[in-house]
Each structure stands twice: as structure tokens, then as C-alpha cells.
Amino acid sequence: MLTLGTLVVIFPFLWMVATSFKLPQDLYSLRLIPATATLGNYAEIFEKAPFFSWIGNTVLLALITVTTVLVFDTMVGYVLAKFSFVGKSVIFLLIISTLMVPTEMLIIPWYLIATELGWSDTYWGVLFPGIITAFGIFLMRQFMEGLPSELLDAARIDGLNEWRIMARIAVPLVKPAIAALTILTFISNWNQFTWPLIVLQSEERFTLPVGILYFSSELKDSSSWILIMTGATVSILPLIALFLVFQKQIIRGIALSGMK
């Protein structure tokens, strides 16, 4: 049953990849191996639209977001796990409760903030909602709680300040969590669509998902679906490669966050 389910799920993906190599007259053929394969579709999409620019924008925004999430979420997770202060549980509960708020409800406040501060149609406008995440704080806090407090106390006795304790002792011990958070955050930002679609207006600033939508809306000829499938294939291949390289960390991060 699992095998049959896998075939049902994977067939549309395989058909998308196969279509990207087809000639226009073979568009509606369900053959996974085209009768006449061509790489011309890939050359054509890069000629008709600034795909290199969109890919660069997406990579840049994803890397910046990953960096800020790792820095801020690790610090907050460390504080919530290893410090005692009044209201800590309430603060953590409030942070976790934001996970229950649908993103769609936040778009209007985000848009008002971006417009008021002049961040509309800027990279910063895309970035600011995701520079720190409740999921990342939750994940890092759960891992940090598993660290032995005696080890941190010994470092304090040796004269290390809290910044050095976190950087030199705590962070190296939670590398699996950091790896999982890095990969999941990158994938999430690579696929981000709704907010960049709303906040960005300039074609040269589009991310890849928004660019593909814009590209597909501009196509009018009979080969449009083939080019759309080619663009979609270009957008998904980096994630496939990322998953193949880091699949253990991805699965472990999903499993651990789910169990916690």
C-alpha cells in the first residue's frame, strides 16, 4: 500500500520533469521518457525571464533568514532553558501560542508595518517577519534543556561569561538541532510565496516562486505549459539536491520537533 501511495504521489513530479524536456507537440503525452528530448526549454526560460536574478534573490534572502534565525533563536532558547527568572514560563507559553496563529492573519499587520516604515518592495520588507521564529525558539529551548547544568556551572566557576559559555559549550553540544533548524528554515524560505508576492512589485526583486507566477502569466503561446513545467523543475531541483545530501538531518529535525 505504501508503494502504491508513493507511486501516486511521485507521478506528477516525474511527469513535470519529463514535460520540461518535451517538444510542444508532445505536451499531452503521459510518457515519462519523451519521444524526442530537448534541453531547449531550459535555454528558453532563461532567455525570456531573469531566472538567474530570481534564483540569486531567493538564495540571498534564504541565507540571511537562516543566519538571523540561528543567532536569535539560539540565544532565546538558551535563556529560556538555562536561566531562572520571573515569568519565564509565561513568556515561553506566549511564544509557543503564536504557532497557532495562521500566517494569513498576520499578512495585513505585516503589510501595514512595511508600508509605514517604507519597506514595501524591498528585501528588508520580505525579511523582517522571519528574522526570528517561534518554532526555532521552541526547538532550541528543548535541546538546550537537555544539557547538563553542572557543565555550565563548571564553566562559570572557570570564569567564562554567559556569551562564551553559550558559544563555546552549549552551541557545540546542540549541533543536531542547529543542523535541522538550518535546513528546515532554508527550505521554508525557498518555498515562501504569499508574503513576497504581496510586498514585492519590481520584477528584478522577485523571488523564484513569485517570478515563476509572473513568468507563467506572461506566456500566451502553445508552449506555455512546457515552459511553466520547466521553470517549476528549476525551482525544485535545488531542494531535491539539498534533501538528498541532508536527508538524515531533515528527518531527524522533523521527528525530534514532533516528539517534543
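The model is predicted, so local features need pLDDT of at least 70 and side-chain atom pairs count only at pLDDT 80 or more, while totals for chains, interfaces and linings use all residues. Residues are numbered from 1 along each chain as its sequence is written, and side-chain values use heavy atoms, with hydrogens and water left out.

Start at helix α4, residues 88-97. Helices here are DSSP runs of H or I with at least four residues, numbered from the N terminus. Three terms describe cover: buried means under 20% relative accessible area, exposed means over 50%, and partly exposed lies in between (1.4 Å probe, protein chains only). In α4 the buried residues are Lys88, Phe92 and Ile95. Seen down the axis of α4, they fall within an arc of 60° (taken from the directions from the helix axis to the C-beta atoms), so they line one face of the helix. Ser89, Val90, Leu93 and Leu94, on the other side of α4, are exposed. The cover over the buried residues includes α3 (51-82) and α7 (134-145).

Next comes the surface. Leu4, Leu7, Ile10, Phe11, Leu14, Leu30, Leu32 and Ile33 make a nonpolar patch of about 760 Å². A patch of this kind is made of residues with over 30% relative accessible area and no salt bridge, with nonpolar side chains (Val, Leu, Ile, Met, Phe, Trp, Tyr) joined within 5 Å. Accessible areas come from the Shrake-Rupley method with a 1.4 Å probe. One of the patch residues, Leu14, lies in helix α1, residues 2-19. Leu14 counts as partly exposed because its relative accessibility is 33%.

Side chains of opposite charge can pair when their charged atoms come close. A salt bridge is a side-chain nitrogen of Lys or Arg within 4 Å of a carboxyl oxygen of Asp or Glu, and the structure holds five. In one of them, Arg205 pairs with Asp121, with the closest N and O atoms 3.3 Å apart. This pair links distant parts of the chain, 84 residues apart: Arg205 is in the loop between α11 (194-199) and α12 (208-218), and Asp121 is in the loop between α5 (103-116) and α6 (123-127). Arg205 is partly exposed at 29% relative accessibility, whereas Asp121 is buried at 14%.

Asp153 and Arg156 form a salt bridge at 2.7 Å, N to O. They are separated by about one helical turn because they are three residues apart in helix α8, residues 149-157. Arg156 also meets Glu162 in a salt bridge, at 2.5 Å, N to O.

Notes:
Helices (H or I, at least four residues) and strands (E, at least two) are DSSP runs, numbered from the N terminus. Contact means heavy atoms within 4.5 Å. Patches are made of residues with over 30% relative accessible area and no salt bridge: like charges are joined within 9 Å, nonpolar side chains (Val, Leu, Ile, Met, Phe, Trp, Tyr) within 5 Å.
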